[in-house]
Amino acid sequence: MAETSLLASIFGDLYPYKDRFKPYSCIPEKGRDPNEIYNVLHTIAEEEDKFWETGLISGTMYHGGKDHYAFLNRVFSLYSYVNLLQRDICPSGTKFESEIIAMVAKLLHGDAVKEYDPQDDVCGTVTSGGTESIFNGVYIHREWARNEKGILEPEMVVPVTIHPAFHKAAHYLGIKMISVPVDNNYEADVEAMRDKITPNTIALAGSAGNYPYGVIDPLGKLSDLAIENNIGLHVDGCLGGFILPWIEKLGYDIPPFDFRLPGVTSMSCDTHKYGYALKGTSTLLVRNHRLLRYQFFSVADWAGGLYASPTVQGSRSGGLSAATWAAMVTMGEEGYMKAARLIMDTADKIRQGIATIPEIIIAGKSTFLISMISDQVNMYHVNDYLITKGWRMNGCQNPPGFHFCVTLRNTLPYVAETFVRDLRDGVAYAKNPPQPFPKSGALYGLAGSLDGQAFLQQGMLDFIEATYDEV
Ligand SMILES: Cc1ncc(COP(=O)(O)O)c(C=O)c1O
């Protein structure tokens, strides 16, 4: 059993149910009554739903409407047991996934690629989430560079704000990931990235928008840089890809971030975030079929017959793709626009409120995600206070702060106003905190030293191990 780490203690009790519901360490000899089991699970789910139903949670529940989820669950149940790998008995999977990709490609201006090269034709695959979309995007670029340019020691150049999924992909795929500091606006520093390009560089990456600050990197310039060097550019639209198009249509000033840019070779866009699908799907869009082919895998001489799969996963549930398709078709442009309007109204109200709190600075050019820092108070003390009021923001570091990723659930009428009030009170609390060290930032300081980083990394791995320990 892993040692109870400092991190585990910060994340709270890992096993809150052990004294209330029978823990299992082996399969019960006799199966238990389904109704009884359902009731146990229902009780737990209802209790956990209470955390986010308040609307005080940043990100996480992007839709948050119980009727919407109930509808998607109904659709999921029709195909939950269907294996998408076996299309002969589930051609429905081809309908769902080809149409999801066509709809997302259209949303991200896939049509524009033909203006630059009539051979291009945006295509893609449905994946299990943002991390897998990014993994596949990185993999495609590695294979492209190896096969067509003979690059055997691949490197990628990314801003420090890029999501850790890129580093994870690089770790798995043997790619050197070069992280470059961002500029004063928290956007990718294009000239600094240019300096890091070598003959081994396979691709650049930028975000629309990035996780820490929600800002859109200068993707137009990164696109030019990629073309200049004949390398790829992956746009991470996992978070913003499904909401920025609507925000742009609402009239906000959003620079082109998608396939309108000639250097964009792939883009990840999560259906399970602002696409309002169930958790477990994302899309990876690629500029042309020639590139996408590098992602596919097949074996012709296996004893088990012919095997081919498009993504990292093998067998997959048809239910998730059916529910994703159903989410998109039932939301429609009208539903997505309405949701974006509500989200931006809430975000605008929060921004207006923050403007009246001189101690708080918004980091970068924000849209649906507002990242807050301060040069006057310790933001982790502010966060400690917000936690006592039921809020759950996402902690950030370098500089210390937190962000509020506004979702549809956060558009409940009282949320913006209450947040600004509690934020103001939090600033007052931070000026005279009851204890010198804030709880929510206790560990962030450690990341400033190599020893501290090693300690944190170990603690995080201990934490993961503990989540699988027998109770
Ligand atoms: C910008 C960005 N990229 C990638 C990801 C990874 O997505 P997932 O957690 O679905 O794997 C996230 C998740 O929050 C994100 O915000």
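Strands β6 (residues 266–269) and β7 (residues 282–286) pair in the antiparallel sense over four bridges; strands count as paired if DSSP finds at least two bridges between them. Helices (H or I, at least four residues) and strands (E, at least two) are DSSP runs, numbered from the N terminus. The model is predicted: local features need pLDDT of at least 70, side-chain atom pairs count only at pLDDT 80 or more, and totals for chains, interfaces and linings use all residues. Residues are numbered from 1 along each chain as its sequence is written, and side-chain values use heavy atoms, with hydrogens and water left out.

**Seven-stranded sheet**

- β6 and β7 belong to an open sheet of seven strands with mixed pairing, in the order β1-β7-β6-β5-β4-β2-β3.
- The edges of this sheet are β1 (123–127) and β3 (176–180), each of which pairs on one side only.
- On average, neighbouring strands of the sheet are turned by 20 degrees against each other, direction ignored.
- Strands of a sheet pair through backbone hydrogen bonds, either parallel or antiparallel.

**Helices on the seven-stranded sheet**

- Helix α6 lies across β1, β2 (155–159), β4 (201–207), β5 (232–237), β6 and β7, and runs at about 25 degrees to β7.
- Contact here means heavy atoms within 4.5 Å; axes are lines fitted to C-alpha atoms, for helices over the stretch in contact, and angles run from 0 to 180 degrees between N-to-C directions.
- Helix α9 (residues 219–228) lies across β4 and β5, at about 175 degrees to β4.

**Ligand surroundings**

- The ligand is surrounded by 13 residues, the closest being Gly-130, Thr-131, Asp-236, His-272 and Lys-273; a residue is near the ligand if one of its heavy atoms lies within 4 Å of it.
- Helix α6 (residues 130–149) supplies the largest share of this shell, three residues.
- By class the shell holds four nonpolar, six polar and three charged residues, where Ala, Val, Leu, Ile, Met, Phe, Trp, Tyr, Cys and Pro count as nonpolar, Asp, Glu, Lys and Arg as charged, and the others, Gly among them, as polar.
- A polar side-chain atom of Thr-131 lies 2.5 Å from an oxygen atom of the ligand, and a backbone N or O atom of Gly-130 lies 3.0 Å from a ligand oxygen atom.
- For Asp-270, a polar side-chain atom lies 3.5 Å from an oxygen atom of the ligand.
- Taken alone the ligand exposes 390 Å², of which the protein buries 84%; accessible areas come from the Shrake-Rupley method with a 1.4 Å probe.

**Four-stranded sheet**

- A further open sheet has four strands in the order β10-β11-β13-β12, with antiparallel pairing.
- Its edge strands are β10 (361–362) and β12, and each pairs on one side only.
- Strand β11 (residues 369–373) pairs with β13 in the antiparallel sense over four bridges, and the bridge partner of Ser-371 is His-403 in β13.
- Helix α12 (residues 318–354) lies across β10, β11 and β13, running at about 20 degrees to β11.
- Helix α13 (residues 379–388) lies across β11, β12 and β13, running at about 45 degrees to β13.

**Backbone geometry in loops**

- Most residues other than glycine have a negative phi, and most peptide bonds are trans.
- Ala-208 and Gly-209 are joined by a cis peptide bond with omega about -15 degrees; Gly-209 lies in the loop between β4 and α9.
- Asn-398 and Pro-399 are also joined by a cis peptide bond, with omega about 5 degrees, and Pro-399 is in the loop between β12 (394–396) and β13 (401–405).
- Tyr-276, in the loop between β6 and β7, has a positive phi near 65 degrees.

Conventions:
A polar contact is a pair of N or O atoms within 3.5 Å; within protein, one must be able to donate a hydrogen and the other to accept it, and residues adjacent in sequence count only if both atoms are side-chain atoms.
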